[in-house]
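Thank you all for coming; I would like to walk through one model today, and I will give each cut-off as it comes up. Please have the structure open while I talk.

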Amino acid sequence: MRGVSVFALGLALLTPAAASAETLASALARAYELNPTINSARAGQRANDENVPRALAQFRPNVRTDAFLGVERRRSVQKSFEYDNGNYLDPLWVESIQNNRGGGPPRSAVLSVEQPLFDGFRTQNAALAAQTNVHGGRERLRLMEQRVLFEAVSVYMNVLRDTAALRLQQNHVSVLEEQLRQTKERYTAGEITPTDIAQAEARLSAGRSQAATARAELDAGLARYAQIMGAEAKRLAPAEPIDRLLPKTREAAERIALVEHPVVRAAQHDAETADLDIRVIESDFLPSLSMVGKVYTESDIDGRGNRAVGAQLLGKLSVPIYSGGGTSARLRQAKETAGQKKFDVDAARAELMALTRANWGGLQAAKAQIAAASAQIAAAERALEGVREEAKAGKRTTLEILNAQQELLGARLALVVAQRDRVVASYAVLAAMGRLSAQQLGLSVAAYDASAHFEAVKDSWGGIGGGIETPGGR
């Protein structure tokens, strides 16, 4: 059993008919639509979109109305002077108490409108910062989608690997059972000693233990598959590497990664947002100007059944003078944060370079391991056949046969692992380049457009409804 045939061996446990098997592409499409981690990130990004209309609202009219209804009691004390023959007498204190009588309860209503005219460019810079942060959030959403898709690839291939490994272990147990039977026959014929039977029994017990371990690993992989994919694994088809989407050289992959990877692009947007935050804080040192208009009505305020109606139109100028040093501290803090974000860009690039090189190296190693494991299997099969024939002539012991069988099993398991690593490593390189997406993979799925919700709400002046959903309707 060489090459792909070894990897496909385990499919019998999951796939009665390969024609109806689920492919890796269909599994990735389901994860892209239904994975709760992705949908949670999309909802978070839609919430982030709302920061733009929130910032723009600071320069829009603020309209409110206030109404008052109640009772009133007023007490006033006045100083009175009397004049007699050119002389002022001692002052008199006159107290008057007035209740709300002769009309209804005192009531008033005020409608006020305030329109900012100048706010030190706060709104303009805050809106730009919010919009830049939205772009950074989209990159983080792309990163989350990449991580989930890569994890989906990993669990898919893990199930295939563990299924093939379990079948190999089960076949090995069957071979050991047959070996034990033959060993007992040879003992009965007087060709070998009880030691050979003990050796065969020991290997059989070890094989059964390894098969049980393989079953447990497969069960864990199936549970993880259901968690990521949103459905149980029933029929899985073999998967192929995606070398067609990869560049020819590692250097080309690195250049693409530094330009397109969402980690770098998100860090760049964060640095731009931090610079704009500085401008927002600087606006607190500038004066602000607004126009305030009021329309009001008052009834029975002084208890005599009167009514007053009036209007005001005022200009409001606010000039900051001293705020206890708090604004200055915030500005210094924002400048340090902006410097930190620029360093974060450099750190992201360095980390990405290391990741790309590691993943590229892993891909090349997996290719070499497949070739080596295939050659090892061929040699181990010849060795086992030779040992068995020599054992018939009395030149080899039972232990040597058991060792040769164990070496062949190890070689086949190594090929299964290498084939799994080969596929996963190709997706890892694509992810390191920042291109592991539904569009690049050509998945049959409605791609989520993160800009749709933003375009719907960015200029909104009101409303509390939503309506922009994920492709899965969540």
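Predicted model: local features only at pLDDT ≥ 70, side-chain atom pairs only at ≥ 80, totals over all residues.

Let me begin with helix H10, which is mostly covered, since 25 of its 35 residues are buried, where buried means under 20% relative accessible area, exposed means over 50%, and partly exposed lies in between, with a 1.4 Å probe and protein chains only. Residues are numbered from 1 along each chain as its sequence is written, and side-chain values use heavy atoms, with hydrogens and water left out.

Helices here are DSSP runs of H or I with at least four residues, and strands are runs of E with at least two, both numbered from the N terminus. The expected span of a helix is 1.5 Å times one less than its number of residues, so the 35 residues of H10 should span 51 Å, and this agrees with the 50 Å between its end C-alpha atoms. After H10 comes Gly434, which has a positive phi, near 85°.

In overall terms, the protein has 12 helices and 8 strands, and 39% of its 474 residues count as buried. Contact means heavy atoms within 4.5 Å, and among contacts between residues at least 6 apart in sequence, 84% join residues at least 24 apart.

Which residues have the most contacts inside the largest nonpolar core? A nonpolar core is a set of buried Ala, Val, Leu, Ile, Met, Phe, Trp, Tyr and Cys residues joined through side-chain atoms within 4.5 Å; the largest has 48 residues, and those with the most contacts inside it are Leu28, Tyr156, Met157, Tyr225, Met229, Tyr427 and Leu441. Among the elements that give two or more residues to this core are H2 (24-34), H5 (122-188), H6 (194-229) and H10 (398-432), and H5 gives the most, with 10 residues. Leaving out residues up to four places away in sequence, Leu441 touches Leu28, Ile242, Arg244, Leu245, Tyr427, Leu430 and Leu436.

Turning to helix packing, two packed helices are described by the angle between their axes and the distance between the axes. The axes are lines fitted to C-alpha atoms, for helices over the stretch in contact, with angles running from 0 to 180 degrees between N-to-C directions. H2 and H6 pack at about 55°, with axes 8 Å apart, which makes H2 oblique to H6, given that angles under 35 degrees count as roughly parallel, over 145 as roughly antiparallel, 65 to 115 as roughly perpendicular and the rest as oblique. Here Ala27, Arg30 and Ala31 of H2 meet Tyr225, Ile228 and Met229 of H6. Helix H8 (residues 262-282) and H9, by contrast, pack at about 170°, again with axes 8 Å apart, and are therefore roughly antiparallel to each other.

Finally, two individual residues. Phe121, in the loop between strand E6 (107-118) and H5, has a positive phi, near 70°, in a residue other than glycine, and at 47% relative accessibility Phe121 counts as partly exposed.
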